[in-house]
Amino acid sequence: MSDYPDYDVVILGHGPAGLQAALHSARKKVSVLILGRQSESSLFKAHIENYFSLFSMTGEQMLKAGREQVERFGVKISEENVLSIENDNGFYALRTENGKRIKCRAIVFATGSKRNKLGVPGEKTLLGKGVSYCVDCDGHFFKGKKVCVVGDGSAAADSALTMQHIAETVHLITNGLEIGESLKNELEKSSVVIHTPAKLKQIEGAEEVTGVVLSDGTSLAVEGVFIELGAKGTLELALPLGISLDDEMQYIRTNKKQETNLPGIFAAGDITGRPWQLAKAVGEGCIAGVEAADYAKSFHSPQ
């Protein structure tokens, strides 16, 4: 790759924290890219009644207005998810679900924090006994075993592709994949057994996972179940980089400047912990955006 970044700042997340960060970074005259699907923001289906000066507004309306606002300041937006991030000689290199490799100086994590659960029998009782929400964290425990991955998005597809190099057999249970063409083509050429349209009905086992039952009655003998709903979350993207998390491994630790323990990486919004409120997300996004832009600008050559 070249000695120059594709963007000064990349924002991961299309919600209020991400949009506010993008707005403040762009106002400081740096190049900014937002990655992520707006519909995946927890604000998208919410109704807003407790935000300063707004009596009533839907989250979808607010996000749409926010997108239009940042685009006026030159922010680029790509509604695709990030699959991995690597440190690349002073830059950060991001790989997206559409096969793009993007290099930047600074990153703002604004991806939210909640892990979606299926709510099926066996999911809670067998957590840690074969049920996992993170292939990148727990995949190596299932070397040579039969596993299934559940989900419709990029996280599920990428996790299934990862597990084909570890497990004996990988089943992907999806009700219909919503992923980029590059990732879809890679999946079709793989050894992953795809069950679609299909839903997971039950996870079986007493002391550990022994199998799963699908909504059409099909039974699969597996020893591991990876529930990967939506996009890559905090653990999958942050841990490989060495970003410091809280004691429960759920949230990214930051200081008052929204800085993480790694230079050039910032975080804002729900991903930094409670309270999960719009006002907090916007405030932290503002700080993260300013600080990320200043960090990126420190590398600019004097005019």
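**Terms and values in a predicted model**

Reader: Which residue of S14 stands opposite Gln202?

Author: Val213 in S14 stands opposite Gln202. Residues are numbered from 1 along each chain as its sequence is written. The model is predicted, with local features needing pLDDT of at least 70 and side-chain atom pairs counting only at pLDDT 80 or more, while totals for chains, interfaces and linings use all residues; side-chain values use heavy atoms, leaving out hydrogens and water.

Reader: What is the order of strands in the open sheet of five strands?

Author: The order is S9-S16-S10-S11-S12, with parallel pairing. S9 (131–132) and S12 (193–195) are the edge strands, each pairing on one side only. S10 (residues 146–150) has neighbours S16 and S11 in that order. With S11 (residues 169–173), S10 pairs over five bridges in the parallel sense, and Val147 stands opposite Val170. With S16 (residues 224–227), S10 pairs over four bridges, also in the parallel sense, and Cys148 stands opposite Val225.

Reader: Why is S10 called mostly covered?

Author: Four of its five residues are buried. Buried means under 20% relative accessible area, exposed means over 50%, and partly exposed lies in between (1.4 Å probe, protein chains only).

Reader: How do you know whether Gly153 is buried or exposed?

Author: Gly153, in the loop between S10 and H4, has 11% relative accessibility. The limit is a value under 20%, and Gly153 therefore counts as buried.

Reader: How is H4 placed relative to S10?

Author: H4 (residues 154–163) lies across S10, S11 and S16, and runs at about 165° to S10. Axes are lines fitted to C-alpha atoms (for helices, over the stretch in contact), and angles run from 0 to 180 degrees between N-to-C directions.

Reader: Why are H1 and H2 described as roughly parallel?

Author: The axes of H1 (residues 16–26) and H2 (residues 59–72) cross at roughly 20° and come within 9 Å. Angles under 35 degrees count as roughly parallel, over 145 as roughly antiparallel, 65 to 115 as roughly perpendicular and the rest as oblique. H1 and H2 are therefore roughly parallel to each other.

Reader: Which residues bring H1 and H2 together?

Author: Pro16, Leu19, Ala22 and Leu23 in H1 meet Leu63, Gly66, Arg67, Gln69 and Val70 in H2, where contact means heavy atoms within 4.5 Å. By class, this contact has six nonpolar, two polar and one charged residues. Here Ala, Val, Leu, Ile, Met, Phe, Trp, Tyr, Cys and Pro count as nonpolar, Asp, Glu, Lys and Arg as charged, and the others, Gly among them, as polar.

Methods
Helices (H or I, at least four residues) and strands (E, at least two) are DSSP runs, numbered from the N terminus. Two strands pair if DSSP finds at least two bridges between them.
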